Amino acid sequence: MNDFVGAIDQGTTSSRFIVFDRLGNIVAMAQREHRQIFPQPGWVEHDPIEIRDNVAAVVETALREADLSPNRLAAVGITNQRETTVLWNRRTGLPVHNALVWQDPRVDPMVAEFARDGGQDRFRSATGLPLASYFSALKLRWLLDNVPGARSAAEAGDLAFGTIDAWVLWNLTGRHATDVTNASRTLFMDLETLEWRDDILADFGVPKSMLPEIRSSSEVYGQVESSSLLRETPVAGILGDQQAATFGQAAFDPGESKNTYGTGNFLIFQTGEEIVHSKNGLLTTLGYKLGDQPARYALEGSIAVTGSLIQWLRDQLGIISSAPEVEALASSVDDNGGVYFVPAFSGLFAPYWRPDARGAIVGMTRYVNKGHIARAALEATAFQTREVLDAVNADSGVDLTELKVDGGMTANDALMQFQADILGVPVVRPVVAETTALGAAYAAGLAVGFWDNLDDLRANWQEDKRWEPDMDSDERDRELRLWKKAVTKSMDWVDDDVR
C-alpha cells in the first residue's frame, strides 16, 4: 500500500531524504553533508559523484532505519540547490569537472564583458534575470572554455548540462530533464514560452543539444532504475529549493510569500499567472507549474550569505564549535556593540547586485568581543531580509502584514525575534520546518493522486511559533540607517588587483 511520499533534498551543504505521510508529517529522515571545495579565494565547487553517492546513501539509510519497504512510497520528488552547474559525459555518465556552485563568483569578469553589449539587464525582459555570476549560463560557458576538450565534445553532442536536479534525475532514471523553476535560473529560458531561447544560447556559445528537456514541476518524469530500494518508484515532482519551500508553506496564491533561512536567504512572493518585472532589484522567476495547468510566477529576493556566515564563524574563525552555539554567544552581550557585519563574500545579491562588493565588518573598537561579532553576524541576516522585503513591498504595492519563515536558522529564537523587530511585523514558523523537502513531496504526490488538490495541502499547514515585534520605531530606523551605511563600505572593493 502506498502510504507515503519521499523527497530528495539536495542542498548546498548536504543531501537529505525525507518521507512524509498524508498529513505532511515526517516519518523517516536521513542526512549526509558533502565537502565544500575552495580551489581559489571565493571559488566554490562540489563533487557531483559525492553528491550522487550521498543521495543514494540517505535514501537507503532513511528507508532501512524506518523499516519501510519501497512499495510503501507512492512517488519521490526532488528539490535542489539551484543554479549550481554540472557538466557530464552522456556515454560514461561521469562529470567532466566539479560542479560550479551558485555562490561561485569566478565568472564576474565575464559578467562585465557580456554587459558591455546591452548592460546588466540585457536578458532581463526575456528571462527575468540580470547578468550575474549567480546564474548557470556563464558558469556553463566557463566550463566549456576552460575544461580541455569540453567544447568539442559538447558540439559533438557528447556532453549533458544540468542543474543539480537534472544530475540527480539522470542518475536515478536515466532521463535528461529539468522543471520550469530550475530552468528559469539558467538565463536561458523564456519566461513566457517556457522554452530555451535559441538567440540567448547563441550569445553564450552554448549548443542547445546539451540542455535538458523542460517539464512541469508536477508530473511523472520516469521510474527509478538505479536504486534497489526505490526501483520502479516514480519520480513525479521537481522544484528548485526556494520554490519548493514556498510550495511546502502552502503559499500558492498571488500575494502569499515565505522566507527561507538556509545557506543563503530567499524570499519568494507569488504573483500568480502575471509576470511582474521588478523595478527594485528583485528577480522574476517561476513559482511552479502543475502538469498542464498555466505556469505561476513569482518575485524573489536572493541573499547569498546568511547561514553560511555562521558556518564561517565555526570553520574559518573557530569562535564556535557548532552552529547552534552562535545563539548563546550572541545572547551573551546586550547589543552589537556598534558592529555591523556585511557578508558580501561573493558580492551583494538582491537588491543591490554588486559583484564588486566584499565582506566587511565595520564599527570595530577595542570594546568589541566575539559575542558582538556573533550578534552582528546574526543581525546581518535580518537586515538583509528587511531590505528584500522593502523591495517586495515597493514592487507589489502591498505591505506584507506577516512573514512566514522556514529553514534551519528559524530554530534560533534570538534571530527570529530580531527579525520581527527590524521588520516591524510578526514572523511565523510552521510546525513542519522542513518545508523544502515537503514542497517536493507535495509536487510528486499531486502528480500521482496521493493528494487530490491544493486544498489538501493547505489543510496540512499549522503554525508552530510566532514572534511579535518589540522594538520602537526610532531604534529600528537608527539600526537600519547604520546597516545601510555599513553596506556602502563593502562596495567598490574588487578591481583588477583584488579578487
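This short report looks at a few residues in a predicted model, with their places, their accessibility and some of their contacts.

Let's start at the surface. Six acidic residues, Asp 334, Asp 335, Asp 472, Asp 474, Glu 475 and Asp 477, come together there as a patch of negative charge. One of them, Asp 477, belongs to helix α16, which spans residues 473-490. Asp 477 is classed as partly exposed because its relative accessibility is 48%, a value that falls between the 20% and 50% limits.

Ser 278 sits in the loop that links β14 (265-272) to β15 (283-288), while Pro 426 is in the loop between α13 (413-423) and β20 (427-430). The table puts the accessibility values side by side.

| Residue | Relative accessibility | Class |
|---|---|---|
| Asp 477 | 48% | partly exposed |
| Ser 278 | 13% | buried |
| Pro 426 | 14% | buried |

Why does Ser 278 count as buried? Its relative accessibility is 13%, and the buried class takes in residues under 20%. Pro 426, at 14%, therefore counts as buried too.

What does the side chain of Ser 278 reach? It comes to 3.0 Å from the backbone nitrogen of Asn 280. The Ser 278 side chain also has a polar contact, at 2.4 Å, with the side chain of Asp 395.

Note on methods
Residues numbered from 1 in each chain as written. Predicted model: local features only at pLDDT ≥ 70, side-chain atom pairs only at ≥ 80, totals over all residues. Heavy atoms only, no water. Patch = residues over 30% accessible without salt bridge, like charges linked within 9 Å, V, L, I, M, F, W, Y side chains within 5 Å. Areas by Shrake-Rupley, 256 points an atom, 1.4 Å probe, with all protein chains shown as cover. Salt bridge = Lys/Arg side-chain N within 4 Å of Asp/Glu carboxyl O. Lys, Arg positive; Asp, Glu negative; His and termini not counted. Charge placed at Lys NZ, Arg CZ, Asp CG, Glu CD. Helix = DSSP H or I, 4+ residues; strand = E, 2+ residues; numbered from the N terminus. Buried < 20%, exposed > 50% of the residue type's maximum accessible area, 1.4 Å probe, protein only. Polar contact = N/O pair within 3.5 Å; in protein donor to acceptor, adjacent residues only side chain to side chain.
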